[in-house]
Structures are given as structure tokens and as C-alpha cells.
Amino acid sequence: MGKVKTEQIKRTGKELMTRFPNKFTSNFDENKKLVDTLTAGTTTRVRNKIAGYITRTVALSEAGSEIEMDSDDIDDEE
């Protein structure tokens, strides 16, 4: 089982992803720097948790889209 993120972390991460949808990637270090510039005044620990949540969410959505693309390719071959 994974660790549970607090509602504050999730809410802030979702808000940042909706306001800046194309800026975040599946690279934690890039997301960490971006979150640091966008959220002034947060602690290092909170910044890292938000960046980790965003990174995980983006990676899962990319993996989901790849699976959908693979299944579309299989349907086309039949």
C-alpha cells in the first residue's frame, strides 16, 4: 500500500495541474522546480509532496493513454 496524501496536497496539486496543464511532466525534479516557483512560501516538505503527487498523476495518465493507444492498434489489426 502507498502512503496517503493529505487533502491539502491533493487540492493544491490538482489546482496547479488545471491552471498549468502543459507545464508538468513525469520528471520529479522538473516538477519540483516548477512547483517551487508557482507556490511561494511553502516549505520544502510540502513542495516535494505536491511535486510527487503531480508526477505520479501525470505518469499514471501517460501510462493510461499508452495502454489505450496499444489497444486501439490491436483493434485495427483485426
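Q: Leaving aside its neighbours within four places in sequence, with which residues is Thr39 in contact?
A: Contact here means that heavy atoms lie within 4.5 Å. Thr39 is found in the loop between helix 2 and helix 3. With neighbours within four places in sequence set aside, the residues in contact with Thr39 are Thr12 and Leu16.

Q: What pLDDT do local features need in this predicted model?
A: Residues are numbered from 1 along each chain as its sequence is written, and side-chain values use heavy atoms, with hydrogens and water left out. This is a predicted model, in which totals for chains, interfaces and linings use all residues, side-chain atom pairs count only at pLDDT 80 or more, and local features need a pLDDT of at least 70.

Q: How many helices does the chain have?
A: Helices (H or I, at least four residues) and strands (E, at least two) are DSSP runs, numbered from the N terminus. From the N terminus on, the elements run α-α-α. The chain has zero strands, and its number of helices is three.

Q: Is Thr39 buried or exposed?
A: A residue is buried under 20% relative accessible area, exposed over 50% and partly exposed in between (1.4 Å probe, protein chains only). The relative accessible area of Thr39 is 12%. Thr39 therefore counts as buried.

Q: Which backbone oxygen does the side chain of Thr39 reach?
A: A polar contact is a pair of N or O atoms within 3.5 Å; within protein, one must be able to donate a hydrogen and the other to accept it, and residues adjacent in sequence count only if both atoms are side-chain atoms. The side chain of Thr39 makes its approach at 2.6 Å, to the backbone oxygen of Val35.

Q: On which side of helix 1 do Ile9, Gly13, Leu16 and Met17 lie?
A: Ile9, Gly13, Leu16 and Met17 are buried in helix 1. They cover an arc of only 100° around the axis, where the arc is that of the directions from the helix axis to the C-beta atoms. On the other side of helix 1, Glu7, Thr18 and Arg19 are exposed.

Q: Which residues of helix 2 are exposed on the face turned away from its buried side?
A: The buried residues of helix 2 (residues 28–38) are Asn31, Leu34 and Val35. They cover an arc of only 100° around the axis, which places them on the same side of helix 2. The face turned away from that buried side carries the exposed residues Lys33 and Thr37.

Q: Which residue caps the N-terminal end of helix 2?
A: The cap uses a side-chain oxygen that lies 3.1 Å from the backbone nitrogen of Asp29. The residue that supplies this oxygen is Asn27.

Q: How many salt bridges does the structure hold?
A: A salt bridge is a side-chain nitrogen of Lys or Arg within 4 Å of a carboxyl oxygen of Asp or Glu. Glu15 and Arg19 form one of them (3.5 Å, N to O), and both lie in helix 1 (residues 7–19), four residues apart. Asp29 and Lys32 form another, with their closest N and O atoms 3.9 Å apart, and both lie in helix 2, three residues apart. The number of salt bridges in the structure is two.

Q: With which side chain does the side chain of Thr55 make a polar contact?
A: Thr55 is placed in helix 3 and, at 11% relative accessibility, counts as buried. Its side chain reaches the backbone oxygen of Ala51 at 2.7 Å. Not counting residues up to four places away in sequence, Thr55 touches Thr25, Ser26, Asn27, Phe28 and Asn31. At 2.8 Å, the side chain of Thr55 makes a polar contact with the side chain of Asn31.
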